[in-house]
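Please look over the structure shown below, which is a predicted model.

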Amino acid sequence: MKHLLPELPYAPDALAPGMSRETIEFHYGKHLQTYIDNLNRLIEGTPFADCSLDEIVRRADGAVFNNAAQTWNHTFFFLTLTPHQAPMPEKLAARLSEAFGSVENFLSEFTKAATGLFGSGWAWLTEDMDGRLSIVQTQNAGNPMTSGLTPLMTVDVWEHAYYIDYRNRRADYVAACLRLIDWEKVSGRLK
Ligand SMILES: [Fe+2]
């Protein structure tokens with residue numbers, strides 16, 4: 001199957017000033033599009049051509065994995081953002097408090113993981129088979145599904161995600177992302 005650029009549920013300038021139209025144009029419009037184009041080119045004529053994106057991420061390695069996982073991770077990231085952040089649903093707040101002591105503590109631990117990740121990668125909130133929530137860092141294109149974890153939310157901390165708007169200030173970018181997360185979507189992914 002041919003993989004396509006996902007449609008954003010908001011206008012390209014809707015996330016500003018936290019995430020500018022220019023960042024969306026480059027990060028979503030160019031970086032993500034390139035991963036998708038590479039993936040389509042790499043899987044053509046291989047058994048992966050008939051696989052879902054999830055299957056490719058779970059089974060591939062090398063360049064196919066890198067481009068499939070970057071497609072998956074970016075799609076998940078962009079579709080979890082909203083220009084109209086609503087208060088966190090009680091269900092999610094209760095689960096985060098249970099796992100991390102409080103919602104504030106979760107936000108602080110997540111921020112630490114996202115800002116502290118060395119080099120390029122992703123910070124995630126995940127749920128395991130037993131419903132345990134964790135904060136996970138993955139390097140480069142890494143995706144927690146390959147460790148049997150279910151992703152609930154992620155923040156991209158590759159430099160290309162924040163250099164246009166924040167230059168080297170990754171912490172300011174992470175704080176802005178946390179104001180753009182759609183907590184209702186995150187909550188809806190809980191088992
Ligand atoms: Fe990215």
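In which segment is Pro17 found? Pro17 lies in the segment before α1, and the peptide bond that joins Ala16 to Pro17 is cis, with omega at about 5 degrees.

**Domains and their contact**

- The protein is divided into domain 1, covering 21–79, and domain 2, covering 90–188, and the contact takes 19 residues from domain 1 and 22 residues from domain 2.
- The centres of domain 1 and domain 2, taken over C-alpha atoms, are separated by 20 Å.
- Between them, domain 1 and domain 2 bury about 1,700 Å², of which 66% is on carbon and sulfur atoms.
- Between domain 1 and domain 2 there are zero salt bridges, whereas the count of residue pairs in polar contact, both at pLDDT 80 or more, is 10.

**The side of domain 1 that touches domain 2**

- The elements that give two or more residues to this side are α1 (21–43), α2 (53–59) and α3 (62–79), and α3 provides the largest share, with 10 residues.
- The residues of this side of domain 1 divide into nine nonpolar, seven polar and three charged.

- Asn140, in the loop between β2 (133–139) and β3 (150–156), has a phi near 55 degrees, a positive value in a residue other than glycine.
- Asn140 counts as partly exposed because its relative accessibility is 43%, a value between the limits of 20% and 50%.
- Arg167, in the loop between α6 (159–166) and α7 (170–178), has a positive phi near 50 degrees.
- Arg167 has a relative accessible area of 51% and is therefore exposed, the cut-off being over 50%.

Note on methods
Residues numbered from 1 in each chain as written. Predicted model: local features only at pLDDT ≥ 70, side-chain atom pairs only at ≥ 80, totals over all residues. Heavy atoms only, no water. Domains from an automatic or database assignment. Contact = heavy atoms within 4.5 Å. Buried area = accessible area lost by both parts, 1.4 Å probe. Salt bridge = Lys/Arg side-chain N within 4 Å of Asp/Glu carboxyl O. Polar contact = N/O pair within 3.5 Å; in protein donor to acceptor, adjacent residues only side chain to side chain. Helix = DSSP H or I, 4+ residues; strand = E, 2+ residues; numbered from the N terminus. Nonpolar A, V, L, I, M, F, W, Y, C, P; charged D, E, K, R; others polar. Buried < 20%, exposed > 50% of the residue type's maximum accessible area, 1.4 Å probe, protein only.
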